[in-house]
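Colleague: I am new to this structure and would like to learn how to read it. Could you take me through it step by step?

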Amino acid sequence: MRLCSIASGSSGNCIYVGSDRTHLLVDTGISKKRIEEGLKELEIKGKELDGILITHEHADHIQGLGVFSRKYEIPIYGTPGTIRGIRDYKNLGKMPEGLYHEIQVDKEFKLGDIDVHPFAISHDANEPSGYRFEQDGKKIAVATDLGKYDEYTVENLKDLNAVLLESNHDIHMLEVGPYPYYLKQRVLGDRGHLSNELSGRLLCDILHNNLQSVLLGHLSKENNYEELAYETVRLEITLGQNPYKGDEIPIAVAKRDQVSAVIEV
């Protein structure tokens, strides 16, 4: 299986997960042109996609969905609450009939040769979800927009070979930054976003010898930067109650406007 970030950040998200036979996107929060350019770098055509999995209905995860889906008519998967939120999104435009497919958290389904397991996440959206993928014994997960995590989250992220995990903000930068008070409280709340520190602590709970690659994503443009997220997460791993050191874990940071290196497991 392969994992690649086409775009990841507070301004737009689009992640590719696939195998030799099956090609999927998680979210389409960037323009159709940028999605196509990213897929071209992966040598994949839009018409070859088997599905688009939506985590939740916020604009930075669906703003390119209407134009892209109308062109290629790719099936769209999301929880009932997410599908409802997508339908209510005024900038989406009229969608072809039959594209929406409702899924349930904790109920696995199959797309091509990939088993998809949606799991609930804590975010201020209708019914948000993360996704775990499994194919031929290999496991990859995409988990962003997590206001908090608990044992349920950890269980869904155990035994992975690769993960794209939110590392949204530095708490100090957010507290002294330009956001209005209510927005700071939203980001810091249980239904907001995961800080660098919490991202590192969550990683401490899921690290194991076969976790080959960690991709930090959904960084805030105003309240974080790549080097800070990377170093903070590494430090949390080194200081955490686990047998690993930060420099022993292959960690990279997904860029806002560049396609990441392809992770193969």
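Modeller: Gladly, and let us begin with charge: Lys and Arg count as positive and Asp and Glu as negative, while His and the chain ends are not counted. The place of a charge is taken as NZ of Lys, CZ of Arg, CG of Asp or CD of Glu. In the protein chain, the mean positions of the 30 positive and 42 negative charges lie 5 Å apart.

Colleague: What should I know about the model itself?

Modeller: This is a predicted model, where local features need pLDDT of at least 70 and side-chain atom pairs count only at pLDDT 80 or more, while totals for chains, interfaces and linings use all residues. Residues are numbered from 1 along each chain as its sequence is written, and side-chain values use heavy atoms, with hydrogens and water left out.

Colleague: How many helices and strands does the protein chain have?

Modeller: Helices (H or I, at least four residues) and strands (E, at least two) are DSSP runs, numbered from the N terminus. Here there are nine helices and 14 strands. The radius of gyration, taken over C-alpha atoms, is compared with a globule rule of 2.2 Å times the number of residues to the power 0.38. For this chain of 265 residues the radius is 17 Å, close to the 18 Å of the rule, so the chain is as compact as a globular protein of that length. Along the principal axes, its C-alpha atoms fill a box of roughly 50 × 45 × 35 Å.

Colleague: Is strand E12 buried or exposed?

Modeller: Buried means under 20% relative accessible area, exposed means over 50%, and partly exposed is in between (1.4 Å probe, protein chains only). Five of the five residues of E12 (residues 213-217) are buried, so the strand is largely enclosed by the rest of the structure. Ser213, Leu215 and Gly217 are buried on one side, and Val214 and Leu216 on the other. Ala162 stands opposite Ser213, and Leu215 has Ala252 in E13 as its bridge partner.

Colleague: What covers the buried residues of helix H8?

Modeller: Contact means heavy atoms within 4.5 Å. In H8 (residues 196-206), eight of the 11 residues are buried. Their cover includes helices H5 (151-156), H6 (171-176) and H9 (226-239), together with E11 and E12.

Colleague: Where is Ser220 found, and what is Ser220 in contact with?

Modeller: Ser220 sits in the loop between E12 and H9. Its relative accessibility is 3%, so Ser220 counts as buried. Leaving aside neighbours within four places in sequence, Ser220 is in contact with Ser10, Asn168, Tyr179 and Arg256.

Colleague: And Val67: what is its relative accessible area?

Modeller: The value for Val67 is 45%, so this residue is partly exposed. Val67 belongs to helix H3 (residues 65-72). Its C-alpha atom is separated by 7.6 Å from that of Leu92, 25 residues apart along the chain.

Note on methods. Two strands pair if DSSP finds at least two bridges between them.
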